[in-house]
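Please read the following report alongside the sequence and the model. The headings take up one topic at a time.

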Amino acid sequence: MVTLLLDSTQLEVVLSGAERAMAFRKGNVAIERSTITKVQLTEDAWTWLRGVPSPGTHLKGVVAMGTWRSAGGDDFAVIRRRRPSVVIDLEGHPEFQRVIVTTRHGLALVQALRLEVDEEPADVADIASETGSTPTAPVKKARPRKAPAPAPAV
């Protein structure tokens, strides 16, 4: 899962080595705070994905990582399964129009973006916890699956 670092001037989406490989990206994604126009929380990030991966990795319903190109502009996505995510709309960013990231710290990100923060980058979950309450998305428990019924003998 990505790490979101925030300071007074920018939000940085820190990618692990595997995420960088699947996104075909050499570095992290840096977003100037002044370019963020809207932040939305969503339970299903797949509905926000538009365009085609170029370059990127896409296994439908499992993982989507990388740059997605569409007529509306380029988006950056790090989506894993059907987990809580955050959609960040940008205006004036040199690379992307939208960033879609699967994270359980979406509420903490929204809260941290409303605060004045230090010059040093800090994890959004840590920033939110300093305010007294750390909002996180509830963790859903996996439902047990029924075993398939045997096929009737013919």
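## Histidine 93 and its surroundings

Leaving aside its neighbours within four places in sequence, histidine 93 is in contact with Ala30, Ile31 and Thr35, where contact means heavy atoms within 4.5 Å. This histidine lies in the loop between strand 8 (85–90) and strand 9 (98–102); strands here, like helices, are DSSP runs numbered from the N terminus, a strand (E) having at least two residues and a helix (H or I) at least four. Histidine 93 counts as buried because its relative accessibility is 11%, buried being under 20% relative accessible area, exposed over 50% and partly exposed in between, with a 1.4 Å probe and protein chains only.

Two polar contacts involve the side chain of histidine 93. A polar atom of this side chain lies 3.0 Å from the backbone oxygen of alanine 30, and the side chain also reaches the backbone nitrogen of phenylalanine 96, at 3.1 Å. A polar contact is a pair of N or O atoms within 3.5 Å; within protein, one atom must be able to donate a hydrogen and the other to accept it, and residues adjacent in sequence count only if both atoms are side-chain atoms.

## Basis of the model

This is a predicted model, in which local features need pLDDT of at least 70 and side-chain atom pairs count only at pLDDT 80 or more, whereas totals for chains, interfaces and linings use all residues. Residues are numbered from 1 along each chain as its sequence is written, and side-chain values use heavy atoms, with hydrogens and water left out.

## The chain as a whole

The protein chain has three helices and 10 strands, which follow one another along the sequence in the pattern β-β-α-β-β-β-β-β-β-β-α-β-α. Of its 154 residues, 38% count as buried. Among the contacts in the protein chain with a separation of 6 or more, 48% come from residues 24 or more positions apart.

## The aromatic pair

How many aromatic pairs does a search of the whole structure find? The search finds one; rings of Phe, Tyr and Trp (its six-membered ring) pair if their centres lie within 6.5 Å, and planes under 30 degrees apart count as stacked, over 60 as edge-to-face and the rest as tilted. The rings of phenylalanine 76 and phenylalanine 96 have their centres 5.5 Å apart and their planes at 45°, so this pair is tilted. The pair links distant parts of the chain, with phenylalanine 76 in strand 7 (residues 73–80) and phenylalanine 96 in the loop between strand 8 and strand 9, 20 residues apart.

Phenylalanine 76 is buried, with a relative accessible area of 0%, and phenylalanine 96 is likewise buried, with a value of 2%. The charged end of arginine 25 sits over the ring of phenylalanine 76, 5.6 Å from its centre; a charge sits over a ring if NZ of Lys or CZ of Arg is within 6 Å of the ring centre and within 35 degrees of the ring normal.

An open sheet of four strands has the order 3-2-1-10, with antiparallel pairing; two strands pair if DSSP finds at least two bridges between them. Strand 3 (29–32) and strand 10 stand at the edges, each with a single partner strand, so one side of each is left without a neighbour in the sheet. Strand 2 is joined to strand 3 by four bridges, and the bridge partner of glutamine 10 in strand 3 is glutamate 32.

Strand 1 and strand 2 (residues 10–14) are also joined by four bridges and form a hairpin with three residues between them. Strand 1 pairs with strand 10 (residues 122–123) over two bridges. Leucine 5 stands opposite glutamate 12 in strand 2, and its bridge partner in strand 10 is aspartate 123.

## Nonpolar cores

The largest nonpolar core has 25 residues, and those with the most contacts inside it are Leu11, Val13, Ile31, Phe76, Ile88 and Leu109. Such a core is a set of buried Ala, Val, Leu, Ile, Met, Phe, Trp, Tyr and Cys residues joined through side-chain atoms within 4.5 Å. Leaving aside its neighbours within four places in sequence, leucine 109 is in contact with Leu4, Leu11, Val39, Val86, Ile88 and Val124. A second, separate core of nine residues includes Ala45, Leu49, Ala64 and Ala77.
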